[in-house]
Amino acid sequence: MHFNFREKLNSRKFLVTVEVSPPKGTRFSAPVEDVSQLKGVADALNVTDNQCSIMHMSSLAFSKLLLDQGHEPVMQLTCRDRNRIGLQSDLLGAYALGIRNICLMTGDYPTCGDHPGSKPVYDLDSVQLIELVRKLDSGIDLAGKKLDGGTSFCAGAVSGIDPENTMQLIKLEKKVRCGAEFIQTQAVYDVGMFEEFMEAVNHLEVPIIAGLIPLKSLVMAEYMNKNISGIHVPEETMLRMKDAVSPIEEGLSIASETIKELIKLSRGIHIMPIGSHKNTPKLLSMAGISEK
Amino acid sequence: MIITSAKPFEEILSLLKDEDDIFVVGCNVCAAKLKTGGEPEVLEMCRRLEESGKHVVGWVLPTAACSIRSFESLAEKNEKIKDARCILVMGCGSGVSAVSTVVDLPIYGSNNTLSLGGTSGGELLSNQCVMCGDCTINEYGGLCPKSQCPKALLNGPCGGAVDGMCEVNREKDCVWDLIYERLKKIDRLDLLYVIHAPKEHGFK
């Protein structure tokens, strides 16, 4: 098998990553089958880590299942559920099982999900977690102990895209200084806003992969505008969704037009489809992105 | 100041269901300020317990429930404590613990202990400090993200705040916005670029 996400990051190739979700249970054949539609379409698959604080199979286990099917996973890892011992332990395990790409983030608070009373950990934050991975890469753990075999992760992180949010931009800068090799962003709906964001972080030498969530309805667009940090669905897009005969088709058209703009601005796109992947290959073909 | 809130009276009654001859210990410091254990609240508690068929043998309001000298010092203030078969402390968890070290009777607390806080201009400030034992508040202009950010993030905000309001509680300002404003005011925005190491929890 050829693992080449890091090589692709360092090339000029326009990248496509797609978010996939582990099952909520032990039956994995249906989700693995669903993900199989992405073969030859995506460069790598981000495997979510109990996304929205909703308990699922571990990202490590599902990443390994996808690896066995010939996919290239990007294992997501959050600070919410593990202390520094658990994080290091899972990172070593993931590396030993062949997982080479990771995406590190803080993680939604437990009250957002289906176990709202669980104790949140946040022993490290996302900046410290990136630093930790770079320590493991150098062959030592966070306590300074030598490892019997270190790691060599291709490690990335996430960012919002609001150019006005100075604190977010400073945090992104810290992530890059600590060794983030790629950044996947919050969903882009307002290309103008994303362009300003890219200008604001122009001094950071890191590939930025723009997030994308195809709209499915006007209600979804309204919800995102109101509740998701840094997401701005422009009025014109809202009107298109409102007038659409088929909102899902319209959402795909809007997303494909956005991708065409993003090709000029970012190193790639990160598609978060929410649910099945049946429309992802179609979306990419609408955007004129050829098969991998 | 320790921030407490009163447990619902029904919960207190349920705690005391197998108890009688109750002696009530208030706290004239934090709990009095927060109206969860000062004299009016102690008197109200005694009245409601009596109304519910319980016998209250007496009460006392020490300066601070968390700094009790001895059983005798309590008995000096109200010797009825000698007739008690259980104690209800209207203070914080620390007050309950301190009283339990000098009284050999079943002991109950009437409050929930929420956080370490204070007041400013009459406004209640909760979650000002988590007493982590590794204080770095000076690096944030005097606002502690460890206590005021639900995720205790040390290097900047999470991606969850919307319009400056916290992901976990949309009614509460994101402390990172407050830290930013504060550092801007004192001309120390440079502090935002410092990469902070993980806390040393094990040494508390």
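I looked up the accessible surface of chain A, which comes to about 12,500 Å² (Shrake-Rupley method, 1.4 Å probe), and I noted that 53% of this surface belongs to carbon and sulfur atoms. I keep in mind that this is a predicted model, in which local features need pLDDT of at least 70 and side-chain atom pairs count only at pLDDT 80 or more, while totals for chains, interfaces and linings use all residues. Residues are numbered from 1 along each chain as its sequence is written, and side-chain values use heavy atoms, with hydrogens and water left out.

For burial, I found that 54% of the 292 residues of chain A count as buried (under 20% relative accessible area, 1.4 Å probe, protein chains only).

I then checked the overall dimensions: the C-alpha trace of chain A spans about 60 × 45 × 45 Å along its principal axes.

Next I went through the secondary structure, where chain A has eleven helices and eight strands (DSSP runs, H or I of at least four residues for helices and E of at least two for strands). In strand 1 (residues 15-20) of chain A, five of the six residues are buried, so this strand is largely enclosed by the rest of the structure.

I followed the partners of strand 1 of chain A, which pairs in the parallel sense over four bridges with strand 8 (residues 268-271) of chain A (pairing requires at least two DSSP bridges). There A:Ile269 is the bridge partner of A:Val16. Strand 1 of chain A also pairs in the parallel sense over four bridges with strand 2 (residues 44-47) of chain A, where A:Leu45 is the bridge partner of A:Val18.

Definitions and conventions:
Chains lettered and ligands numbered in written order. Buried < 20%, exposed > 50% of the residue type's maximum accessible area, 1.4 Å probe, protein only.
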